[in-house]
Amino acid sequence: ILLFVLVSSLGILLIIVCCTAVCNSSAWDAITEMDEQNRPIHTFQVCHVMEPNQNNWLRSGWIQRQAAQRVYVELRFTLRDCNSIPWVSGTCKETFNLFYLQTDEPLPAGTRFRPIDYAKVDTIAADESFTQTDLGDRVLRLNTEVREVGPVTQKGFYLAFQDVGACIALVSVKVFYKRCPSTLRNLAAFPDTVPHMDSSSLVEVRGACVENAEERDTPKLYCGADGDWLVPLGRCVCSIGHEEMDGYCRGEKLFWIFLCACVCVFLG
């Protein structure tokens, strides 16, 4: 289930924040570029690789967690190869950091940004970095990284991105959680179910027999951490006068027509 999608054309969802004298409040810029097919790409970019001790932050708006207990963040970004930039030995980095902050409500406007309040999720590195040649050819070496955030227990949270001296273009941020979707199995209906916070445990869900069906053994499924239904147990069966068709019990009218026909034949 999608909670939040960010592209830089919706710039209101990301806020450039300054936390120390070293932090440059204009370090991250909203920039639109063209890819190799001349399609516009909206990004947030930062590239202050000539100066040491960079500490530039970008923060999302408040994201409601809804029913989620375990949240995932998909980042799509490009990152410059430091070896392709002259005269930056020691100051250029090839990673950035992802943080989050849980709250029960949005922070009041004007609240001072305090990095110490944010918990680190991970350091993000690129599988592929781009060079000056790629820039000239407009080759987009796009990386996709997914990280689990949490456990998330409060009503919402913020994401924050810390640049420490890399050349980055953040193309999109997608926040989502996994669920086992409603399904029919063995003539029983099972509702949408959110997995447990503990990825090693399964959620036992009891099914409800479809119309014109009755329990033979209690129907159960187990919802796994990845949103997959596992270990089907029990089943429902169609009531007398019905038969299973496409996961439902049908045929009562046909049964009575057949019965009437038989009675008519018997009575002559």
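A search of the whole predicted model finds one cavity of 30 Å³ or more. The largest cavity has a volume of about 40 Å³. Its lining includes Ala68, Gln69, Arg70 and Tyr72. Tyr177, Lys178, Val194, Pro195 and Ala225 also line the cavity.

Lysine 178 lies over the face of tyrosine 72, at 4.6 Å from the ring centre.

Aromatic rings were examined next. Six aromatic pairs are found in a search of the whole structure. One of them joins phenylalanine 190 and tryptophan 229. The ring centres are 6.0 Å apart. The pair counts as tilted because the planes of the two rings stand at 50°, between the cut-offs of 30 and 60 degrees. This pair links distant parts of the chain. Phenylalanine 190 belongs to strand β14 (residues 188-190), whereas tryptophan 229 belongs to strand β18 (residues 229-238). The two residues are 39 residues apart. Phenylalanine 190 has a relative accessible area of 4%, so it is buried. Tryptophan 229 also counts as buried, because its relative accessibility is 13% and the cut-off for burial is under 20%. Elsewhere, ring pairs link Trp57, Phe99, Phe113 and Tyr118 into a cluster.

Valine 164 was considered separately. This residue is found in the loop between β11 (156-163) and β12 (167-176). Its relative accessible area is 23%, so valine 164 is partly exposed. Contacts beyond its neighbours within four places in sequence are with Gln54, Lys93, Thr95 and Asn97. Valine 164 and valine 46 are 118 residues apart in sequence. In space, their C-alpha atoms are 10.0 Å apart.

The chain as a whole was then described. The protein chain has two helices and 20 strands. It contains 268 residues, and 40% of them count as buried. Among contacts in the protein chain with a separation of 6 or more, 70% come from residues 24 or more positions apart.

Notes. Residues numbered from 1 in each chain as written. Predicted model: local features only at pLDDT ≥ 70, side-chain atom pairs only at ≥ 80, totals over all residues. Heavy atoms only, no water. Helix = DSSP H or I, 4+ residues; strand = E, 2+ residues; numbered from the N terminus. Buried < 20%, exposed > 50% of the residue type's maximum accessible area, 1.4 Å probe, protein only. Contact = heavy atoms within 4.5 Å. Phe/Tyr/Trp six-rings, centres within 6.5 Å; stacked < 30°, edge-to-face > 60°. Lys NZ or Arg CZ within 6 Å of the ring centre and 35° of its normal. 1 Å grid on protein atoms, 1.4 Å probe; cavity = no way out; pocket = protein on both sides within 12 Å on 5 of 7 lines; lining within 4 Å. Points joined across faces, edges and corners; volume = space filled by probe spheres on them.
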